[in-house]
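Trainee: I would like to learn how to read a helix and its surroundings. Please take me through one example.

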Amino acid sequence: MKTNEIRAARIRLGISSADMARSLGVSDEAYRRKERGDTRIKADDVPIIAEKLQLTPQQVNDFIFDGKLPIG
């Protein structure tokens, strides 16, 4: 899992962890735990993360699930 890539994309776009948390419907702390890799990111979160961070779902799949999540 390469959650540092998710964090880098978020920072590059100037999006706060609180903004990401709101998009996913979780607390800021819960999102930060996901981003650190302390808590798993759910498959349902992939499209939301991809859209918010201007990534493709496949990129998010590669970063979070090492490309093993069936997409599409």
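Trainee: What covers the buried residues of α1?

Mentor: Keep in mind that this is a predicted model. The cover over the buried residues of α1 includes α2 (17-24), α3, α4 (46-52) and α5 (57-65).

Trainee: Which residues in α1 are buried?

Mentor: The general idea comes before the case. An α-helix has 3.6 residues a turn, so residues three or four places apart point the same way. In α1, the buried residues are T3, I6, A9 and R10. Viewed down the helix axis, they fall within an arc of 115 degrees, so they line one face of α1. The face turned away from that buried side carries N4 and R12, which are exposed.

Trainee: At what angle do α1 and α3 pack?

Mentor: Helix α1 (residues 3-12) and helix α3 (residues 28-36) pack at about 125 degrees, and their axes are 7 Å apart. The two helices are therefore oblique to each other.

Trainee: Which residues meet where α1 contacts α3?

Mentor: From α1 come T3, I6, R7 and R10, and from α3 come Y31, K34, E35 and R36. By class, this contact has 5 charged, 2 nonpolar and 1 polar residues.

Trainee: What follows α1?

Mentor: G14 follows α1, and its phi is positive, near 75 degrees.

How values were computed:
Residues numbered from 1 in each chain as written. Predicted model: local features only at pLDDT ≥ 70, side-chain atom pairs only at ≥ 80, totals over all residues. Heavy atoms only, no water. Axes fitted to C-alpha atoms, helices over the stretch in contact; angles between N-to-C directions. Helix = DSSP H or I, 4+ residues; strand = E, 2+ residues; numbered from the N terminus. Parallel < 35°, antiparallel > 145°, perpendicular 65-115°, else oblique. Contact = heavy atoms within 4.5 Å. Nonpolar A, V, L, I, M, F, W, Y, C, P; charged D, E, K, R; others polar. Buried < 20%, exposed > 50% of the residue type's maximum accessible area, 1.4 Å probe, protein only. Arc of directions from axis to C-beta.
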